[in-house]
Amino acid sequence: MDLTHNIIEYVNCCVGAFANRFSLTLSQSYAYLRRFKGIDFLIDCYAAEHTLSIEDAVEDIMLLCQKNGGRVGSKCQRR
């Protein structure tokens, strides 16, 4: 397999794990991660991120998206 294929599979897996963790559809998860730069982060940092657990990657993208204005996973989300 080539690197591009591996990155696509990894991003797809992370989008699904993010959706599961925050009770989103896959479409909602992808749109949120695209809007708040989570997808870009996963692609740009693939070399390091794919060595971590998926749970760690979900935590990383949650925090990154919050820094970029997202509210999923934040205390503000529950209001």
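**Helices and what they pack against**

Author: Let's begin with contacts. Among contacts in the protein chain with a separation of 6 or more, 60% join residues 24 or more positions apart. Keep in mind that this is a predicted model.

Reader: Noted. How many helices and strands are there in the protein chain?

Author: Five helices and zero strands. Reading from the N terminus, the order is α-α-α-α-α.

Reader: What is the radius of gyration of the protein chain, against that of a compact globule?

Author: It is 12 Å. A compact globule of 79 residues would come out near 12 Å, so the two agree.

Reader: And the span along the principal axes?

Author: About 45 × 20 × 20 Å for the C-alpha trace.

Reader: What share of the residues is buried?

Author: Buried residues are 34% of the 79 in the protein chain. The accessible surface is about 5,200 Å². Carbon and sulfur atoms hold 53% of that surface.

Reader: Charges next. How many positive and negative side chains?

Author: There are 9 positive and 9 negative ones. The centres of the two sets are 17 Å apart.

Reader: Let's pick a helix. Which residues of H2 are buried?

Author: H2 covers residues 26-35, and its buried residues include Ser 29, Tyr 32 and Leu 33.

Reader: Why do they count as being on the same side of H2?

Author: Because the arc they cover around the axis is only 95°. An α-helix has 3.6 residues a turn, so residues three or four places apart point the same way.

Reader: What is exposed on the other side of H2?

Author: Ser 27 and Arg 35 are exposed there.

Reader: And what covers the buried residues of H2?

Author: The cover includes helix H1 (3-21), helix H3 (38-44) and helix H5 (54-67).

Reader: Zoom in on Ser 29. What is its relative accessible area?

Author: It is 0%. The cut-off for buried is under 20%, so Ser 29 is buried.

Reader: What does Ser 29 contact, leaving aside neighbours within four places in sequence?

Author: Val 15, Phe 18, Ala 19 and Leu 24.

Reader: Backbone now. What is the phi of the residue that follows H2?

Author: That residue is Lys 37, and its phi is positive, near 75°.

Reader: What about the phi of Ser 23?

Author: The phi of Ser 23 is near 55°, again a positive value in a residue other than glycine. Ser 23 belongs to the loop between H1 and H2.

Reader: Is Ser 23 buried or exposed?

Author: Exposed, with a relative accessibility of 69%.

Reader: Switch to H1. Is Ile 7 buried or exposed?

Author: Ile 7 is part of helix H1. Its relative accessibility is 16%, so Ile 7 counts as buried.

Reader: Who touches Ile 7, not counting residues up to four places away in sequence?

Author: Ile 43 and Tyr 46. There is also a C-alpha distance to note. Ile 7 and Leu 42 are 35 residues apart in sequence, and their C-alpha atoms are 8.3 Å apart.

Reader: Where does Ile 43 lie?

Author: In helix H3. Ile 43 is partly exposed, at 39% relative accessible area. Apart from neighbours within four places in sequence, Ile 43 contacts Ile 7 and Val 11.

Reader: Last stop, the segment after H5. Which residue is found there?

Author: Gly 69 is one of the residues in that segment. Gly 69 counts as partly exposed, at 48% relative accessibility. The C-alpha atoms of Gly 69 and Arg 35 are separated by 9.4 Å. Those two residues are 34 apart along the chain.

Terms used
Residues numbered from 1 in each chain as written. Predicted model: local features only at pLDDT ≥ 70, side-chain atom pairs only at ≥ 80, totals over all residues. Heavy atoms only, no water. Helix = DSSP H or I, 4+ residues; strand = E, 2+ residues; numbered from the N terminus. Rg over C-alpha atoms; globule rule 2.2 N^0.38 Å. Buried < 20%, exposed > 50% of the residue type's maximum accessible area, 1.4 Å probe, protein only. Contact = heavy atoms within 4.5 Å. Areas by Shrake-Rupley, 256 points an atom, 1.4 Å probe, with all protein chains shown as cover. Lys, Arg positive; Asp, Glu negative; His and termini not counted. Charge placed at Lys NZ, Arg CZ, Asp CG, Glu CD. Arc of directions from axis to C-beta.
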